[in-house]
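Subject: Structure for you to take over

Hello,

I am passing this structure on to you. Please open it first; my notes on what was found follow below.

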Amino acid sequence: MEKFSTVIIGGGAAGIAAAISAKRRGQSVVICDRMPKLGKKILASGNGRCNLLNEKLDESFYNPSSRPLVRSIFEKFGKEEIKLLFKELGLQTYSEDGRIFPRTNQSSSVMKVLEMELARLSMPIELNFEVKSISHSRGLFTVAAKGGRSIECEKLVVAAGGRSYPALGSDGSCYKMVENLGHKIVEPVPAAVPLVLKERLCHVLQGQKIAASVKAIINQRTACEANGDLLFTNYGLSGTAILDVSEEISIAINRQKVRDVLLSVDMVPFMDKDALKLEISKRIKDRWKAEDLLAGVLPNKFHFAFEDKEIGSDAGKITDAVKSRIFKVVETKRWNEADFTAGGIDVKYVKPGTMESTVVKGLYFAREMIDVCGKRGGYNLAWAWASGFTAGQTT
Ligand SMILES: Cc1cc2nc3c(=O)[nH]c(=O)nc-3n(C[C@H](O)[C@H](O)[C@H](O)COP(=O)(O)OP(=O)(O)OC[C@H]3O[C@@H](n4cnc5c(N)ncnc54)[C@H](O)[C@@H]3O)c2cc1C
């Protein structure tokens, strides 16, 4: 059986960062990945541009239960250290509204500098190595793959990702293995995911994109709010505003089995309610046709927003139909359309400052395996670099 001091399961952002830091410290390291290529999710990230970090980086951009762990890692390896890591690898970056991208606007540039560093470090990489079991006895881990191969190590970093976009490699297959070693798994659910509604209006307006404010109302309480794009689709709603409230909604629907989940949508966030009502009242008084009452305020088809409610020429009701429209959320889209995973290894099982397991010595975790989910804007890759680099560094 082959033996390394450190085995990294998963060659995504977190696994590559872990491998680089472990190898730089002189450990014998191997990356094992089930895919024929490393970093497929990095290449797909940011619509091919890879939003790798954010200028404003702290724990407040992550789910509340994870914040002490996230803070402990960013204190050691935060925004400045991530910037320096990439600067030293030769990656030029720029910031757009705080979101940091490679100058080339191509995620392949991020992968290229990482691959060059792996080559400089003569990093052994086992591709098509699908881990099927992990066992631990007398201070040694045995990592066994489909096909019968096994590797032994003293230190194991599990960076096998979550469950989103399984075609890019991470399918959640390592959760059970980690659970069998004594860790609790918080049920993973899709996050940054479109929402499914049973609303004729979505079908009628499919393809229309507007700027909107959205509130998620779960069990009659406002759980979260977001501003951004709202995209009507044949199944429901998508767009950045929806993706930003989808984590709380997904946890409620998919994990907690809550059925009372509503969205309150303001389709005219640039006008207050009274101003819009007054404008519509004037138009009604001036005998504008019903289908023209929102002309110049919303795209032309949006008169369907009040026509289907048969609220005719009541300025107050028309205003409500577009400024505080209530939609019932039926379900979320599934893993193939979710950018992130919410859930994973319970943070209580991960030691702050090191990423080591609290129950198995020598076992480390990084990024999407753990119940840490960041906001959109570079926070998930930032956590991948930081948690991965720290996990690889600690011996
Ligand atoms: C379409 C899309 C766009 C995104 N854009 C951004 C963005 O712009 N900015 C941002 O911050 N975040 C973005 N994210 C999220 C971010 O990419 C992920 O959170 C991050 O890449 C996760 O890194 P990871 O290393 O934990 O997991 P992954 O990148 O998923 O890597 C895990 C690796 O483990 C391997 N693996 C899994 N199981 C096994 C096994 N049993 N045996 C061996 N290998 C295994 C997989 O093949 C994979 O290569 C995006 C996500 C998606 C899906």
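Helix α12 gives the most residues to the shell around the ligand, three of them. Please keep in mind that this is a predicted model. The shell counts 34 residues, and the ones that come nearest to the ligand are D33, G46, N51, E368 and L381. Sorted by class, 15 residues of the shell are nonpolar, twelve are polar and seven are charged.

A side-chain atom of D33 is placed 2.6 Å from an oxygen atom of the ligand. A14 uses its backbone instead: one of its polar backbone atoms is 3.0 Å from a ligand oxygen. For G169, a backbone N or O atom is found 3.4 Å from an oxygen atom of the ligand. The ligand taken alone exposes 1000 Å², and 96% of that is buried by the protein. Two or more residues of the shell come from each of the elements α1 (13–24), α2 (40–44) and α12 (379–393).

The structure has nine aromatic pairs. One of them is formed by F74 and W383, with ring centres 6.1 Å apart and planes at 85 degrees; angles over 60 degrees count as edge-to-face, so this pair is edge-to-face. F74 belongs to helix α3 (residues 67–76) and W383 to helix α12, so the pair links distant parts of the chain, 309 residues apart. Both F74 and W383 are buried. Ring pairs also join these two residues with F61, Y62 and Y379 in a cluster.

Next, the strands around β9 (residues 150–158). Strand β9 pairs with β1 (residues 2–9) in the parallel sense, over seven bridges. Within this pairing, T6 has K155 as its bridge partner in β9. Strand β18 (residues 363–365) also runs parallel to β9 and is joined to it by three bridges, with L156 opposite L363. The pairing of β9 with β8 (residues 140–145) is antiparallel and has four bridges. There, A144 stands opposite S150.

Strands β8 and β9 form a hairpin with four residues between the strands, in which G147 has a positive phi near 100 degrees. R149 is also in the loop between β8 and β9. Is R149 buried, exposed or partly exposed? Its relative accessibility is 36%, so R149 counts as partly exposed. From R149 to I73 the C-alpha distance is 34 Å, while the two are 76 residues apart in sequence.

There is also an open sheet of three strands, in the order β3-β5-β4, with antiparallel pairing. Two bridges hold the pairing of β3 with β5 (residues 99–102): L53 is opposite I100, and N54 has R99 as its bridge partner. Strands β4 and β5 run antiparallel and are joined by four bridges. On that side of β5, R99 stands opposite E96. The hairpin of β4 and β5 has two residues between the strands, and D97 in it takes a positive phi near 50 degrees.

With a relative accessibility of 14%, V186 counts as buried. V186 and D371 are 185 residues apart along the chain, yet their C-alpha atoms are separated by 6.8 Å.

If you want a place to start, look at the ligand and helix α12, which gives three residues to the shell, and then go on to the pair of F74 and W383.

Regards

Conventions: Residues numbered from 1 in each chain as written. Predicted model: local features only at pLDDT ≥ 70, side-chain atom pairs only at ≥ 80, totals over all residues. Heavy atoms only, no water. Pairing = 2+ DSSP bridges. Near = heavy atom within 4 Å. Polar contact = N/O pair within 3.5 Å; in protein donor to acceptor, adjacent residues only side chain to side chain. Areas by Shrake-Rupley, 256 points an atom, 1.4 Å probe, with all protein chains shown as cover. Nonpolar A, V, L, I, M, F, W, Y, C, P; charged D, E, K, R; others polar. Phe/Tyr/Trp six-rings, centres within 6.5 Å; stacked < 30°, edge-to-face > 60°. Buried < 20%, exposed > 50% of the residue type's maximum accessible area, 1.4 Å probe, protein only.
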